Amino acid sequence: MALPSPLLLALLTLSLAAPAAAQTQPSARERQERQVVLPNNPNEAVPEARVAVGVATYLRFDAPLDKASVEVEGRPARFRWVDVGERLIAVEPSVDLGAEEKLVVRVRYRDGASPAVATLVLVTHPTLVDREVEVVRRPRTLEVLEAALAEKEAALAALQGTSGPAGSSSPDGSTARACRPGAS
C-alpha cells in the first residue's frame, strides 16, 4: 500500500483547518463613535450600545457616576472585563450576544439631576460595534420645567383641598397644631 505524499497530507490538513479557522475569527465590524440621549420618560425606548467579542466599548457619561451603583447584567460570565471610572464604564465581552439578546447596564448619577439613573442595553450587531458611546441626558427646556411645576402645584393644591389648612379640625374632630421642638 502506498503512503500519501507529504504534499498531499499538507494540502489535506490545510483544507480541513481553513474552515475551522474562519469560524473562530470574529467578523470584521465597522467601529463607530456615537451619542445616545437618555429618555426622560420611562415609556421611551432604552438606548442601545453595540458590543462585540474582543472589542472594548467605552460608555462615556456627561456627569460623575456613583461607582457602587453600577449594574452590568451578565457581568461575571459574559465579559472579559468591566471597568468603572468617574464618568466612564468600559466593557469587553468575552462572547458575542445572541441575535435577540440584550444585557442591561444601569448606573446612578451622583449629581441628582434628572434622570438620576442611566439605563442602556448592550446588544451585538452583525456589522457594527460601538467603540465609544457618549451618554447624555436630554436638556430640560423651560416649557418642560414649567409644565412639571404646574403639575406639582396642581397636586399640592389637591392635597391641600383634601386636608384643609394647617390648624383646622381633622375628620376625627381633633385639632392639628404645629409643634416646635422643645415645646410641650
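An open sheet of four strands, with mixed pairing, has the order β2-β8-β7-β4 in this predicted model (strands, E, at least two residues, and helices, H or I, at least four, are DSSP runs numbered from the N terminus; two strands pair if DSSP finds at least two bridges between them). The edges of the sheet are formed by β2 and β4 (71-72), each of which has a single partner strand, so one side of each is left without a neighbour in the sheet. The strands β4 and β7 run antiparallel and are joined by two bridges. E71 has R106 as its bridge partner in β7.

Because the model is predicted, local features need pLDDT of at least 70 and side-chain atom pairs count only at pLDDT 80 or more, whereas totals for chains, interfaces and linings use all residues. Residues are numbered from 1 along each chain as its sequence is written, and side-chain values use heavy atoms, with hydrogens and water left out.

The structure contains 13 salt bridges, a salt bridge being a side-chain nitrogen of Lys or Arg within 4 Å of a carboxyl oxygen of Asp or Glu. One of these is formed by E48 and K102, whose closest N and O atoms are 3.2 Å apart. Since E48 lies in strand β2 (residues 48-50) and K102 in the loop between β6 (88-93) and β7 (103-108), the pair ties together parts that are 54 residues apart in sequence. E48 is partly exposed at 31% relative accessibility, and K102 is likewise partly exposed, with a relative accessible area of 46%; buried means under 20% relative accessible area, exposed over 50%, and partly exposed in between, with a 1.4 Å probe and protein chains only.

A salt bridge is also found between R60 and E132, with 2.6 Å between the closest N and O atoms. This pair links distant parts of the chain, 72 residues apart, with R60 in strand β3 (residues 57-61) and E132 in strand β9 (residues 128-137). The relative accessible area is 36% for R60, which is partly exposed, and 23% for E132, which is partly exposed. In the salt bridge of R110 with E86, the closest N and O atoms are 2.7 Å apart. Here the linked parts of the chain are 24 residues apart: R110 is in the loop between β7 and β8 (117-123), and E86 is in the loop between β5 (79-84) and β6. R110 is partly exposed at 49% relative accessible area, as is E86 at 38%.

Apart from neighbours within four places in sequence, D130 is in contact (heavy atoms within 4.5 Å) with Q32, R34, E48, A49, R50, A56 and T57.

T57 belongs to strand β3 and is buried, its relative accessible area being 0%. A polar atom of the T57 side chain lies 2.7 Å from the backbone oxygen of D130. Not counting residues up to four places away in sequence, T57 touches R50, V51, I89, A90, V91, V129, D130 and R131.

P47, in the loop between β1 (30-38) and β2, is buried at 10% relative accessibility. The C-alpha atoms of P47 and V37 are separated by 7.3 Å, the two residues being ten residues apart along the chain. With residues up to four places away in sequence not counted, P47 touches V36, V37, L38, P39, T119, L120 and V121.

The largest pocket has a volume of about 160 Å³. The residues lining this pocket are L38, P39, N40, N41, P42, E44, V46, P115, V117, A118 and T119. Strand β8 supplies the largest share of the lining, three residues. On a 1 Å grid over the protein atoms alone, a pocket is an open set of points where a 1.4 Å probe fits, with protein on both sides within 12 Å along at least five of seven lines, and lining residues have an atom within 4 Å of a point. Grid points are joined across faces, edges and corners, and the volume is the space filled by probe spheres set on the points.

How values were computed:
Polar contact = N/O pair within 3.5 Å; in protein donor to acceptor, adjacent residues only side chain to side chain.
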